[in-house]
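I opened my notebook to record what I looked up in this structure.

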Amino acid sequence: MDSKDAGATSGNPSASVNTPPPADQLIAESGTLLQRLAGSVSEILTSPLNLSLLAVTFYLIYKIIQDRRRANAPRPVRPPPLPKLPKKDYTLEELKVFNGLGPEGRILMAVNGKVFDVTRGKSFYGPGGPYGIFAGRDASRGLGTFALDDSAVRDTYDDLSDLTLDQMNTVKDWEQQFQDKYHLVGRLLRPGEEPTDYALEEEEEASQKSAADSLENKTK
Ligand code: HEM
């Protein structure tokens with residue numbers, strides 16, 4: 001006879017394996033469990049190291065959730081770039097129209113007498129951008145003097161004659177940078193100055209190009 005049978009036949013209920021524990025014993029056990037849990041929580045919350053680990057964990061979870069949301073969000077459709085402007089010279093007044101607030105959002109900016117289409121630098125020069133003060137304006141003075149306040153631009157034509165040699169060299173450096181990055185669309189006109197007739201210039205360029213192309217085709 002095995003021990004199980006012995007318990008069952010002896011008439012002692014506590015010896016039976018299948019008998020559930022009494023309710024008060026269950027309450028006491030869950031109370032102890034709760035106490036242990038509270039102890040662990042208070043241990044975590046009172047240790048600076050644990051607290052910082054907890055904070056890092058929460059932060060990482062937050063970042064993972066945020067990244068997933070971002071990955072699932074529809075990507076903004078970038079509008080196609082605006083067509084290239086035909087070459088033309090601008091008065092200060094004509095330039096002002098291209099401040100990024102027009103229907104096309106085109107932004108022009110003058111540097112040292114040259115007008116550049118800086119629309120693709122909208123994050124710099126567009127409304128609310130860090131250099132938005134230059135949109136549709138002559139930016140030479142601001143760039144030469146590293147100013148972004150009201151002293152950076154003038155409402156009337158600015159001949160820059162009071163700038164120092166160093167400041168003028170800075171303006172020229174900027175002009176080179178703009179030349180490398182943006183389309184040159186024309187010149188800024190002094191008051192009373194006649195605009196260049198670029199149609200003639202462009203016709204000449206086109207005929208030179210077609211002559212060069214036909215010469216290249218003949219030599220092939
Ligand atoms: C705390 C001062 C400044 C900081 C931290 C700063 C920062 C920057 C940075 C990081 C760029 C590079 C953008 C890129 O090519 O990705 C940039 C470009 C530029 N910054 Fe500043 N800048 C400051 C002051 C100025 C000032 C005072 C001016 C003008 C007066 C200025 C005019 C420009 C211009 C024109 C660009 C070129 C944007 C283009 O490529 O079209 N910045 N700046």
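**Salt bridges**

I searched the whole structure and found twelve salt bridges. I counted a salt bridge when a side-chain nitrogen of Lys or Arg was within 4 Å of a carboxyl oxygen of Asp or Glu. Before going on, I noted that this is a predicted model, where local features need pLDDT of at least 70, side-chain atom pairs count only at pLDDT 80 or more, and totals for chains, interfaces and linings use all residues. Residues are numbered from 1 along each chain as its sequence is written, and side-chain values use heavy atoms, with hydrogens and water left out.

I looked at K96 and E93. Their closest N and O atoms are 3.5 Å apart, and they form a salt bridge. Both sit in helix α4 (residues 92-96), three residues apart, so about one helical turn separates them. My helices (H or I, at least four residues) and strands (E, at least two) are DSSP runs, numbered from the N terminus. I then checked accessibility, where buried means under 20% relative accessible area, exposed over 50%, and partly exposed in between (1.4 Å probe, protein chains only). K96 is partly exposed at 29%. E93 is exposed at 52%.

Next I took K114 and E175. Their side chains meet in a salt bridge, 2.9 Å from N to O. K114 lies in strand β2 (residues 114-117) and E175 in helix α7 (residues 165-181), so this pair ties together parts that are 61 residues apart in sequence. K114 is partly exposed, at 26% relative accessibility. E175 is buried, at 12%.

D162 is partly exposed at 47%, whereas R141 is buried at 6%. I also noted a network: salt bridges with shared partners join D89, R187 and E193.

I moved to S140, in helix α6. Is S140 buried or exposed? S140 is buried, with 1% relative accessibility.

Which residues does S140 touch, leaving aside neighbours within four places in sequence? I listed A110, V111, N112, L160 and V171. Contact here means heavy atoms within 4.5 Å. For N112, I found the backbone nitrogen 2.8 Å from a polar atom of the S140 side chain.

Two of these partners made me check phi. N112 has a positive phi, near 50°, and is not a glycine. N112 is in the loop between β1 and β2, and is partly exposed at 25%. L160 has a positive phi of about 60°, and is not a glycine either. L160 is in the loop between α6 and α7, and is buried at 9%.

**The nonpolar cores**

I looked up the cores next. A nonpolar core is a set of buried Ala, Val, Leu, Ile, Met, Phe, Trp, Tyr and Cys residues joined through side-chain atoms within 4.5 Å. The largest one has 19 residues. Those that touch the most other members are M109, V111, V118, Y125, F134, L143 and F178. The largest share, three residues, comes from α7.

Leaving aside neighbours within four places in sequence, its contacts include L95, K114, Y125, F134, L143 and F178. Apart from this core lies another, of nine residues, among them L85, Y90, A110 and V185.

**The iron atom**

Which protein donor does the iron atom of the ligand have? I found only Y131 (OH), at 1.8 Å. Donors are N, O and S atoms within 2.8 Å of the metal (3.2 Å for Na, K and Ca); water is not among the atoms, so sites may look incomplete. Y131 sits in the loop between α5 (122-125) and α6.

**Domains**

Last, I checked the domains. The assignment gives domain 1 (23-72) and domain 2 (92-201). Such bounds come from an automatic or database domain assignment. The C-alpha centres of domain 1 and domain 2 lie 58 Å apart.

Definitions and conventions:
A polar contact is a pair of N or O atoms within 3.5 Å; within protein, one must be able to donate a hydrogen and the other to accept it, and residues adjacent in sequence count only if both atoms are side-chain atoms.
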